[in-house]
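Colleague: Could you walk me through this model and tell me what stands behind the words you use for it?
Modeller: Gladly, let us look at it together.

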Amino acid sequence: MYSRILAGGRTGPHSLPLARIKKIMKKSGDNVNMISGEAPIVFSKACELLIEELTRRSWMVAMQRKRRTLHKEDVVSAVIATDIFDFLVNLVSEDSTTPIDLTPVEREKLEF
C-alpha cells in the first residue's frame, strides 16, 4: 500500500502530494538520504491538521470582523492570538498588515 502511495501522485485520502513532501524532507539540509515509507504520510497528516486549525481560527477572526472573505490580516491575528502558533509569529510581517488588538474575551473565543 505505501509503495503505491509513494510512487507519485495523490493516491489515497491525502490531500498533499507525498512525493513533494519527500523532496522537501530530503532538502532539509540535515544530510537526509533515506526516508522511511511512513514518514511522508505522517508529515502530510500533520500539515493537513495545521492548515485546518489555522484556517478555522482565521475564519473566526474574519467572522468577528463581520466579513465572509479571509484576508491576510485575519491569519496574522489568528497566529498572534493563539499560543499554539507562537512558532509562526516571527513569520508574519507586522509591517504589511495591522492585526487587530484582541481583548481577552475575543482571545477566549478563538480558543477551543
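**Reading the helices**

Modeller: Let me start with H3, where the buried residues are Ala39, Pro40, Ile41, Ser44, Glu48, Glu53, Leu54, Arg57, Ser58, Val61 and Ala62. Please keep in mind that this is a predicted model.

Colleague: Why is Ala78 called buried?

Modeller: Buried means a relative accessible area under 20%. Ala78 has 0%, therefore it counts as buried. Ala78 sits in helix H4, residues 72-81.

Colleague: Which residues does Ala78 touch, leaving aside neighbours within four places in sequence?

Modeller: Those in contact with Ala78 are Arg57, Ser58, Val61 and Phe85. Arg57, Ser58 and Val61 are also on the list of buried residues in H3. Leu54, another name on that list, is 24 residues from Ala78 in sequence, yet their C-alpha atoms are 7.2 Å apart.

Colleague: Why is Met63 called partly exposed?

Modeller: The relative accessible area of Met63 is 38%. Partly exposed covers what lies between buried, under 20%, and exposed, over 50%, so 38% puts Met63 in that class. Met63 belongs to H3, residues 39-64.

Colleague: How do you know that the buried residues of H2 are on the same side?

Modeller: The buried residues of H2, which runs over residues 18-26, are Leu18, Ile21 and Met25. They cover an arc of only 55° around the axis, so they lie on the same side of H2. An α-helix has 3.6 residues a turn, so residues three or four places apart point the same way. Arg20, Lys23 and Ile24 are exposed on the other side of H2.

Colleague: How many helices and strands does the chain have?

Modeller: The chain has 5 helices and 0 strands, and its pattern along the sequence is α-α-α-α-α. Of its 112 residues, 27% are buried.

Methods:
Residues are numbered from 1 along each chain as its sequence is written. This is a predicted model: local features need pLDDT of at least 70, side-chain atom pairs count only at pLDDT 80 or more; totals for chains, interfaces and linings use all residues. Side-chain values use heavy atoms; hydrogens and water are left out. Helices (H or I, at least four residues) and strands (E, at least two) are DSSP runs, numbered from the N terminus. Buried means under 20% relative accessible area, exposed over 50%, partly exposed in between (1.4 Å probe, protein chains only). The arc is that of the directions from the helix axis to the C-beta atoms. Contact means heavy atoms within 4.5 Å.
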